[in-house]
Amino acid sequence: MEVEGSSKPMIATQAEMVEARVPISYRDQCAHLLIPLNKCRQAEFYLPWKCENERHVYEKCEYELVMERMLKMQKIREEEAKLKQAQKQGSHIPLIPKTANA
């Protein structure tokens with residue numbers, strides 16, 4: 001399953017996420033890393049110094065997704081600014097006409 005606009009593929013299936021009881025808001029391209037992390041957390045009684053490797057890999061994946069979305073939004077804003085600038089220059093009608101002596 002491919003997510004539109006993202007370079008990362010969706011690895012975990014909907015059935016796997018439902019079975020692992022992943023909340024809907026966390027069902028993104030990093031859900032396949034969250035499933036083993038939550039299993040580890042539950043097995044280790046949520047001790048913060050346990051499951052550090054799994055947590056680091058999951059958080060890195062989420063960070064990369066956020067950065068990808070930010071870069072995409074920045075490109076969209078730049079394109080809109082260029083379009084707006086082009087429209088502004090194309091439809092500019094001077095209020096005072098230029099004369100030969102001015």
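Good morning, colleagues. Please bear in mind throughout that the structure before you is a predicted model.

I begin with the overall layout. The protein has 3 helices and 0 strands, and its elements follow the order α-α-α from the N terminus. Of its 102 residues, 19% count as buried. If we take the contacts with a separation of 6 or more, 38% of them come from residues 24 or more positions apart.

Let us turn to the packing of two helices. How are α2 and α3 arranged relative to each other? Helix α2, which covers residues 31–43, packs against α3 at an angle of about 150°, and the two axes are 9 Å apart. An angle over 145 degrees counts as roughly antiparallel, and α2 and α3 are therefore roughly antiparallel to each other. Their crossing is left-handed. On the α2 side, the contact is made by Leu33, Leu34, Leu37, Cys40 and Arg41, while α3 contributes Glu54, Arg55, Val57, Tyr58 and Cys61. Sorted by class, this contact of α2 with α3 has 7 nonpolar and 3 charged residues, and no polar ones.

Tyrosine 58 lies in helix α3. Is tyrosine 58 buried or exposed? Its relative accessible area is 9%, and because values under 20% count as buried, tyrosine 58 is a buried residue. Setting aside neighbours within four places in sequence, tyrosine 58 is in contact with Tyr26, Cys30, Leu33, Leu34 and Leu37.

Alanine 12 is found in the segment before α1, and at 7% relative accessibility it counts as buried. Which residues does alanine 12 touch, not counting those up to four places away in sequence? They are Met17, Ala31, His32 and Ile35. Alanine 12 and leucine 34 are separated by 22 residues in sequence and by 9.8 Å from C-alpha to C-alpha.

I now come to the salt bridges. How many salt bridges are there? The count comes to 3.

I shall take lysine 8 and glutamate 64 to start. These two residues form a salt bridge in which the closest N and O atoms are 2.7 Å apart. The pair links distant parts of the chain, with lysine 8 in the segment before α1 (14–19) and glutamate 64 in helix α3 (residues 52–90), 56 residues apart. Glutamate 64 has 33% relative accessibility and counts as partly exposed.

Another salt bridge joins the side chains of lysine 50 and glutamate 44, at 4.0 Å from N to O. Lysine 50 counts as partly exposed, at 35% relative accessibility. Glutamate 44 is likewise partly exposed, with a relative accessible area of 29%.

The remaining pair is glutamate 59 and arginine 55, whose side chains meet in a salt bridge of 3.6 Å, N to O. Both residues lie in helix α3, 4 residues apart, which is about one turn of the helix. Glutamate 59 is partly exposed at 41% relative accessible area, and arginine 55 is partly exposed at 31%.

Finally, I would draw your attention to the backbone. Most residues other than glycine have a negative phi. Against that background, two residues may be noted.

Arginine 21 has a positive phi of about 55°, although it is not a glycine. Where is arginine 21 found? It sits in the loop between α1 and α2. With 73% relative accessibility, arginine 21 counts as exposed.

Phenylalanine 45 has a phi near 60°, again a positive value in a residue other than glycine. This residue lies in the loop between α2 and α3. Phenylalanine 45 is exposed, with a relative accessible area of 69%.

To conclude, we have a predicted model with 3 helices, in which α2 and α3 are roughly antiparallel, and in which 3 salt bridges are counted. Thank you for your attention.

Notes:
Residues numbered from 1 in each chain as written. Predicted model: local features only at pLDDT ≥ 70, side-chain atom pairs only at ≥ 80, totals over all residues. Heavy atoms only, no water. Buried < 20%, exposed > 50% of the residue type's maximum accessible area, 1.4 Å probe, protein only. Axes fitted to C-alpha atoms, helices over the stretch in contact; angles between N-to-C directions. Parallel < 35°, antiparallel > 145°, perpendicular 65-115°, else oblique. Left-handed = near helix turned anticlockwise from the far one by under 90°. Contact = heavy atoms within 4.5 Å. Nonpolar A, V, L, I, M, F, W, Y, C, P; charged D, E, K, R; others polar.
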